[in-house]
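Colleague: Could you walk me through this model, one question at a time? I am new to reading structures.

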Amino acid sequence: MADSGPIIGETGTVTLTNGYVSNIKSFTLNQVADEHDITDFASTNTWTEYMTGKRRWSGTYECYLDGTTPMVLAGYDIDGAAMVMTSSTGRTFSGNAVVTGGDVTVNPADPNLVSYTFRGTGALTVA
Amino acid sequence: MAVKMGYSGALYSQKRSCMNYANAATVITISDPSGGELDFALADDFSVECWFSTGGDKELVRKRTAAGAGYLLEVSSGKLVFTIEDTSTNETSITGGTSVDDDTWYHAVAVRDAATNDRLYLYLDGASDATAVTDTSTATLATASGLLIGEATAQDAYIGLARVYGAAVSAGEAASIAGGSIVSTLRRKLKGSWPLIEGTGSTAYDDSDYGNDGTITTAAWSTLTYDSVASPETPTGTINGTNTTFTLANDNVDLAGLVVISDSVTLATDGYSITPKGTLELVTAPSTTLTVDYRYYKMTLEAGGFQNWTVSTVADELDVSDFASGEWAEYRTGKRRWTASCENYWLNQGYAYDIDKRLIFVFYHDEANNKSLEGWGYIVSVGNTVVPSEITSGTLTLRGDDLVSVETS
């Protein structure tokens, strides 16, 4: 699918096996590669040299709590569960993830909210 | 989309302090207020609420001169009795049907409904405990006597809270407040409220708008606000050598005093996990027998005036990448921990006294449908903000001790 320009995020989805993914209002996904300074005596000019190492991915997503679906807490699956995020462009990001944080906030003036942080374990596949 | 608004939430915690009346001299005296808010005229509705535990007869709340005018809620001959008498010596009593002198905690509400039904009602643990009695009063009940919480006679008794409302508590409201809920319409009708949360000192603070603090004679504060099961309980669940999940008969279970015996072996704490709600998960399924000895807190009450709460759960993320992992790092989760913060509008002094104490907390995100997070936690900080032009507020910070569980019923 061609990405032709700015896309409004109104059709994103998140699935997570046995996780709480109802009423998702937003998600973020971050990928990083470890950076290693490999500057050595052979680096003859004034610029440092780098290479990338391990790749890691993590993110957050926020949901409104509803009256029917049981929520889960951080660490509910210690070895990770299958996760798929779909952006508005139709691209999917999938892999296994562990839930490392879960914050529930209840305030009379706002809808009940739960915010999760997750950490990918193993590869993130983009399709 | 059935999203719930935050006003469906609430915060409850176990009540930690109460007054012990084993000493013959112990009594809480609230001087007769000049405004007359604790006196009631012929046509006035009013109600008296009390949490108590007693092994025998005991006066709970009295505003009555000997056998003269006023009102008295007591345990007499083992039953709850509510008596009112007017200044024309017309006395009306209502007696409960349940024996309550068995050293367990009960919630009592005595109601004088003068305006609508001209009856007395008695509720025990949120349910009617007696057939309504016709009120024979023809005059005011007012008396110059002070209000006494627990009379000055020795009894193996405890009182956890006493309140007087200027309203006839309905059956539905009696059930709500027995469950610990704050009913806003009743809250506005409070004439006096002595929650006995201080745990120290000789003053019982009145947290109603009237501020009629009580003077405690021979104060004997206690933290015996729990009940213990009469004998080790066999929890609900199939004992067949494969099932590992069981449910206790009571919730708000304390970690202290917990003894789990599976197949005649007393389990170490790493042999099971338990939630405050009473769900027991064993590492090894019992084949023949399972008994649990435990304490539980029936007196787990809505904490007043909270406007929000946040519970944060965190799982340590452990990098377990090895040579087989390839280019992508691998993780698993480790120890889990939780913290919480809560803000309130009422300056609840009890939490200041309870700092560094472990309590059971129930964080409802949908109270009407019993959906909550429940955990044991310590109050690690209490902050109060008092500004002339603003509502006085407080902030609690909690640190979980052991798990917080997701409860849906």
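Colleague: How many bridges join E21(B) to strand E25 of chain B?

Modeller: Strands are DSSP runs of E with at least two residues, just as helices are runs of H or I with at least four, all numbered from the N terminus. Two strands pair if DSSP finds at least two bridges between them. E25 covers residues 290-293 of chain B and runs antiparallel to E21(B), and B:Val260 faces B:Val292 across that pairing. The number of bridges that join E21(B) to E25 is 4.

Colleague: Before we go on, what should I know about the model and its labels?

Modeller: This is a predicted model, where local features need pLDDT of at least 70, side-chain atom pairs count only at pLDDT 80 or more, and totals for chains, interfaces and linings use all residues. Residues are numbered from 1 along each chain as its sequence is written, while chains are lettered from A and ligands numbered from 1 in the order in which they are written.

Colleague: Which residue in the turn between E21(B) and E22(B) has a positive phi?

Modeller: E22 (residues 265-266) pairs with E21(B) in the antiparallel sense over 2 bridges, with B:Ser262 opposite B:Val265. The two strands form a hairpin with 2 residues between them. The one with a positive phi, about 50 degrees, is B:Asp263.

Colleague: Which strand gives the most to the side of chain A that touches chain B?

Modeller: Residues are in contact if their C-beta atoms, placed from the backbone, lie within 7 Å, and 36 residues of chain A meet 34 residues of chain B in this way. Strands E3 (50-64), E5 (92-106) and E6 (113-126) of chain A each give two or more residues to that side. The top contributor, with 9 residues, is E5(A).

Terms used. Two residues are in contact if their C-beta atoms, placed from the backbone, lie within 7 Å.
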